[in-house]
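User: I would like to go through the aromatic contacts and then a strand pairing. Could you take the structure below as the basis?

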Amino acid sequence: MSDDFATALRRALASTRAGDPAAATALIQSALSGRSAPGSAPDPEAECGPCAKAASAAKAGGRTGGISGMGDFSGLPGMDGLKGFSGLSGLGGKAARSAPVPDGARVETRTIAGREVRLFTPSPRAGGVAGLVLMLHGCTQSPEDFALGTTMDLAAEAAGYAVAYPAQTGTHNMQSCWNWFRPQDQEAGGGEPASLAAIAREIAGELDVGARVFAAGLSAGGAMAAILAETHPDLFAAVGVHSGLPAGAAGDMGSAFAAMRGERTGRPLARPGIVFHGTADTTVSPRNAHALLPGDGVETRHGEGTRTWTRLTTPGGSELWMIEGAGHAWSGGDAAGSYADAAGPDASAEMLRFFGEVAARG
């Protein structure tokens, strides 16, 4: 860990103890972006923009939190007081309203493998369910919030997919983040990959979708989706990663910060994948998107309104979407949910389109 980064963490710890989580958040954000730790507590809005504004709002509401994806900071010497700054998505809220349920579709809450799961099943249709998508939310989010922000249920109804949203809670991680950076949660035989695979297998068996099982996620959830592609390639036919990181990018707290800054590459996706990342993402470096799908391919440019993006298709059929000027949020979503950007492209619809193409190729 660099001296500047260690200094930033010490100052963040002091700000936390002084009852100023917004200043602590700004210090950590500054360190993550590669800027030197300021000599005194900064103006949060000047230092880290939307992240600090969210932190200021959280402070006003009596809620603390922080830069997400990192788990808790107890793994760093002297950092126990920063446990509230775990995760990978920054501060986010719970859904202000429930995600809309299309006519004929069903939403239920189940408990599978000891974990609560929000299950969306599309309206009945000839041929049955097209496939199952395991949707992994980002830090500080809930399954309902994630369903609302991504509008995945609406896309799934149109395409005929069932969607399972497992819940990660504060019991597992202080900020409800998937523990993508812990070695024990990057293995097939145990930890979170094993429990998530058990959820997918049980539901896929009930719905009789065969090999049409996929995983997708945002931020820490995207990082865990990449891990599932590596730990359970026999189960997940393809994955979608939005604003996430590659498997093997981190093995502890220090390397997790480095990975978020794009200083560690990890391993390319082990299964066909579709990757979305905003070029202005200051929480997870866009370098991680290129690490997930390295190499050349056929690139095309697209636009919609004021938003432009490039789509690179690899020789193996995977896709890398780089969205100009977009930050750390789900593209084409509903801003009523956290970490959702209403501007296109529509990541949910494109992921389901991609999964369908993979299934058709067999």
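User: How many aromatic pairs does a search of the whole structure find?
Analyst: The search finds eight aromatic pairs. Rings of Phe, Tyr and Trp (its six-membered ring) pair if their centres lie within 6.5 Å; planes under 30 degrees apart count as stacked, over 60 as edge-to-face and the rest as tilted. One of the pairs is Trp180 with Phe181, edge-to-face at 5.7 Å centre to centre and 80° between the planes.
Analyst: This is a predicted model, in which local features need pLDDT of at least 70 and side-chain atom pairs count only at pLDDT 80 or more, while totals for chains, interfaces and linings use all residues. Residues are numbered from 1 along each chain as its sequence is written, and side-chain values use heavy atoms, with hydrogens and water left out.

User: Are Trp180 and Phe181 buried or exposed?
Analyst: Both are buried, meaning under 20% relative accessible area; exposed is over 50% and partly exposed lies in between (1.4 Å probe, protein chains only).

User: Why is the pair Trp309 and Trp321 stacked?
Analyst: The ring centres are 6.4 Å apart and the planes are at 25°, so the pair counts as stacked. Trp309 lies in strand 9 (residues 307-313) and Trp321 in strand 10 (residues 319-323), so the pair ties together parts 12 residues apart in sequence. Strands (E, at least two residues) are DSSP runs, numbered from the N terminus.

User: Changing topic, in what sense do strand 8 and strand 9 pair?
Analyst: They pair in the antiparallel sense over seven bridges; pairing requires that DSSP finds at least two bridges. Val298 stands opposite Thr313 in strand 9.

Notes: Helix = DSSP H or I, 4+ residues; strand = E, 2+ residues; numbered from the N terminus.
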